[in-house]
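Here are my comments on the model you sent. They are set out as numbered points, starting with confidence.

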Amino acid sequence: MKGGVFAILKARFLIHDDAVKNWRFIVFIILLAILMIANTQRYEQKVFEIAKLNNEVKELRSEFVDRRSELMKLKMESTISDKMKEKQIFPSTVPPIKIEVKKEEEKSFFKRIWQ
């Protein structure tokens, strides 16, 4: 047991005649470690990008809500009438009249035109 531990500490397994097998395995382990580190780095970049995009979505959503409420305020009749008063245009005092067209009259009208 003592001889095995000292052999590992002195790294004799790297300089013996059959050390090529050991070097291949060590290089393979190093490549796997490099791949793992690179993969972890890409994963962390993706996580930061997702967090950034989530914050941007929240900001855009709040801006949308603000704009929508501003639009609703601008579409109100009182706001429009106040802006029109500056141009000397006032709301009508006479209510609008609804014009109804009956389908039979339309058909007879078109018949007269085509005849």
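1. For the protein chain the mean is 84, and 82% of the residues reach 70 or more. Where pLDDT is low, the predicted coordinates should not be read in detail.

2. Which residues make the nonpolar surface patch? Trp23, Val27, Ile30, Leu31 and Ile34 form it, and its area is about 480 Å². Val27 lies in helix α2 and counts as partly exposed, at 43% relative accessibility.

3. The structure holds one salt bridge. It joins the side chains of Glu63 and Arg67, with an N to O distance of 3.8 Å; the cut-off is 4 Å. Side chains of opposite charge can pair when their charged atoms come close. Glu63 and Arg67 are four residues apart in helix α2, so about one helical turn separates them. Glu63 is partly exposed, at 38% relative accessibility, whereas Arg67 is exposed, at 51%. The value for Arg67 should be read with the cut-off in mind, because exposed means over 50%.

4. Is Thr79 buried or exposed? Thr79, found in helix α3, has a relative accessible area of 17%. Thr79 therefore counts as buried, the limit being under 20%. Leaving aside residues up to four places away in sequence, Thr79 touches Lys73 and Leu74.

5. Gln88 deserves a look at its backbone. Its phi is positive, about 65°, although Gln88 is not a glycine. Gln88 sits in the loop between α3 (77–86) and α4. With a relative accessible area of 59%, Gln88 is exposed.

Methods
Residues numbered from 1 in each chain as written. Predicted model: local features only at pLDDT ≥ 70, side-chain atom pairs only at ≥ 80, totals over all residues. Heavy atoms only, no water. pLDDT = per-residue confidence, 0-100. Helix = DSSP H or I, 4+ residues; strand = E, 2+ residues; numbered from the N terminus. Buried < 20%, exposed > 50% of the residue type's maximum accessible area, 1.4 Å probe, protein only. Contact = heavy atoms within 4.5 Å. Patch = residues over 30% accessible without salt bridge, like charges linked within 9 Å, V, L, I, M, F, W, Y side chains within 5 Å. Areas by Shrake-Rupley, 256 points an atom, 1.4 Å probe, with all protein chains shown as cover.
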